[in-house]
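Subject: Structure handover

Hello,

Here is the structure for your files. Notes on one part of it follow below.

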Amino acid sequence: MICKCSLKVRTYECDSYGHVNNANYLNYLEFARCEFLRDVGFDYPTMVRLGYGVYVARVEIDYKIPAVADDELLIKSWPVKKGAASGVLAQQIWRGSDLLAEAKVTWAFVDSKGVPTRIPPEWNMPGLKPS
């Protein structure tokens with residue numbers, strides 16, 4: 001399953017060169033991951049309320065082409081690896097037919113102490129697994 005979401009680049013996200021500052025790509029990717037979880041039926045607010053979390057353990061980003069103010073971006077997210085307590089999502093940021101950035105995000109399901117733990121059945125959604 002590939003989740004797609006879009007957003008528009010805001011002027012304050014750009015640096016003195018007129019490009020989106022590289023740190024803002026992390027925000028774009030996080031927004032898209034939340035949309036991905038929602039799309040696969042993952043009840044994130046309830047999970048947090050019950051003391052669990054999904055922590056990002058690693059992010060790898062390859063920047064290809066800069067985005068600029070008012071660009072309409074499409075972000076694609078899909079699972080590429082899944083274990084008992086963690087996984088990896090692939091993500092791409094597009095502007096039309098131009099691939100702007102690619103990322104791999106490693107995540108871990110954690111308990112109330114921040115310790116990795118097996119994903120309970122109610123949050124172990126089929127959409128978290130690669131197809």
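Y25 is buried, at a relative accessible area of 3%, while Y63 is partly exposed at 41%. Buried here means under 20% relative accessible area, exposed over 50%, and partly exposed in between (1.4 Å probe, protein chains only). The model is predicted, so local features need pLDDT of at least 70 and side-chain atom pairs count only at pLDDT 80 or more, whereas totals for chains, interfaces and linings use all residues. Residues are numbered from 1 along each chain as its sequence is written, and side-chain values use heavy atoms, with hydrogens and water left out.

A search of the whole structure finds 6 aromatic pairs. Rings of Phe, Tyr and Trp (its six-membered ring) pair if their centres lie within 6.5 Å; planes under 30 degrees apart count as stacked, over 60 as edge-to-face and the rest as tilted. Y25 and Y63 make an edge-to-face pair, 5.2 Å centre to centre with 75 degrees between the planes. Y25 lies in helix α1 and Y63 in strand β2, so this pair ties together parts 38 residues apart in sequence. Ring pairs also link Y25, Y28 and Y63 into a cluster.

Helices (H or I, at least four residues) and strands (E, at least two) are DSSP runs, numbered from the N terminus. The buried residues of α1 include Y25, Y28 and F36. Among the elements that the buried residues of α1 pack against (contact: heavy atoms within 4.5 Å) are α2 (44-49) and β2 (53-63). Just after α1, G41 takes a positive phi of about 90 degrees.

Regards
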